[in-house]
Amino acid sequence: MKQCLDQCGYPDSTPNMVAVRPGMRADAWIRTLQQQLNEGVQMVVLILPGSKGRCNLYDDVKKFLLTEFPIPSQVILTSTIQRGKNLRSIISKVLIQMNAKLGGTPWAVDKLPFMNEPTMICGMDVFHSTALGKKSVLALTASMNQSATTYWSTSVIQDEIGQEGSNTLQTSMTSAIEAFKRNNGSPPARVIFYRDGVGEGQVQGICVPEIEQIKQALASHSLADTCKLMYINCSKRVNTRIFAGDPSRF
């Protein structure tokens, strides 16, 4: 890992390495994490016994690091590294994942269209959770930089059961615009909004009210006349068929 860190130019310090015993019990791992973790730790790398799909510790340890002591973590299974084959390639891929989890930019696309002006790219979907009594959870992300590689995000549990449309989008978009201004020193000149999960028969009832909420959020920041909005409904079930060539042949 040290060789890969030097090659990639990532700054690093000597990690604190701790053995867990007994290594096959989730409570032992969690107890050790509770003893070792503090606010100065940036990331935890866990080498767990087992193979892909057969690691009984994964869910319990990950749940602890997501809910009780939220901290970025990276799991490596012993079966992945114990044979020693392609080890440098494996470690390089692990470092890329760690970099991304810490807020870094492992790669980016040059010369993205529309990005010559401050542009915020948003994505939104609604998930219907059976664990919440079939209440809907809205998730929204918004890009924060010119290469669209860092994101602000939020999630909202909606009141009505099975609710696909959002009645809280204005509030969420207002917060996203505020975050964009903090990160860039100016508000977005363009907003490109991708919406997933809306069928063609739901456009008037869902997409149109959501567009109005986005416009209201822009207006609350005095951007109604200056910020351009593109709303894209990413419908997967469409009847459109496109053919190349002379139309008279078909």
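Predicted model: local features only at pLDDT ≥ 70, side-chain atom pairs only at ≥ 80, totals over all residues.
**Entry 1: an aromatic pair**

I searched the whole structure for aromatic pairs and found 1. In that pair, the ring centres of Phe193 and Tyr231 are 5.4 Å apart and the planes stand at 5°, so I noted it as stacked. I then looked up where the two residues sit. Phe193 belongs to strand 6 and Tyr231 to strand 7 (residues 228-234), so the pair ties together parts 38 residues apart in sequence.

**Entry 2: around Phe193**

Which residues does Phe193 touch, leaving out those up to four places away in sequence? I listed Cys122, Met124, Leu140, Leu169, Met173, Ile214, Leu229, Met230, Tyr231 and Ile232.

Next I looked up the largest nonpolar core. I counted 26 residues in it. Met120, Cys122, Leu140, Met173 and Phe193 have the most contacts inside this core. The elements giving two or more residues to it are strand 3 (119-129), strand 4 (135-143), helix 6 (169-184), strand 6 (190-196) and helix 7 (203-220). Which element gives the largest share of this core? Helix 6 does, with 6 residues. I also found a second, separate core of 17 residues. Among its members are Leu33, Leu46, Phe64 and Leu65.

**Entry 3: strands 6 and 7**

Strand 6 and strand 7 run parallel, and 7 bridges join them. Then I traced the path between the strands. Strand 6, helix 7 and strand 7 form a β-α-β unit, and the unit is right-handed.

**Entry 4: salt bridges**

How many salt bridges are there? I counted 2.

One joins Glu210 to Arg195, with the closest N and O atoms 2.9 Å apart. Glu210 is in helix 7 and Arg195 is in strand 6, so this pair ties together parts 15 residues apart in sequence. Are Glu210 and Arg195 buried or exposed? Both are buried.

In the other, the side chains of Asp27 and Arg25 meet at 2.8 Å, N to O. Asp27 has 35% relative accessibility, so it counts as partly exposed. Arg25, at 47%, also counts as partly exposed. Partly exposed covers the range between under 20% for buried and over 50% for exposed.

I noted a general rule before looking at the backbone. Most residues other than glycine have a negative phi, and most peptide bonds are trans.

I then found a cis peptide bond between Arg21 and Pro22, with omega about -5°. Pro22 is in the loop between helix 1 (2-8) and helix 2 (26-36).

Lys111 is not a glycine, yet its phi is positive, near 55°. I placed Lys111 in the loop between helix 5 and strand 3. Its relative accessibility is 83%, so Lys111 counts as exposed. Phe114 is not a glycine either, and its phi is positive, about 75°. Phe114 also lies in the loop between helix 5 and strand 3. At 40% relative accessibility, Phe114 counts as partly exposed.

**Entry 5: Asp110**

I finished with Asp110, in the loop between helix 5 (87-101) and strand 3. Asp110 is exposed, with a relative accessible area of 68%. How far is Asp110 from Arg25 in space? From C-alpha to C-alpha I noted 47 Å, and in sequence the two are 85 residues apart.

Technical notes: Residues numbered from 1 in each chain as written. Heavy atoms only, no water. Core = buried A, V, L, I, M, F, W, Y, C linked by side-chain atoms within 4.5 Å. Buried < 20%, exposed > 50% of the residue type's maximum accessible area, 1.4 Å probe, protein only. Helix = DSSP H or I, 4+ residues; strand = E, 2+ residues; numbered from the N terminus. Contact = heavy atoms within 4.5 Å. Phe/Tyr/Trp six-rings, centres within 6.5 Å; stacked < 30°, edge-to-face > 60°. Pairing = 2+ DSSP bridges. Right-handed = clockwise from strand over helix to strand, strands pointing away. Salt bridge = Lys/Arg side-chain N within 4 Å of Asp/Glu carboxyl O.
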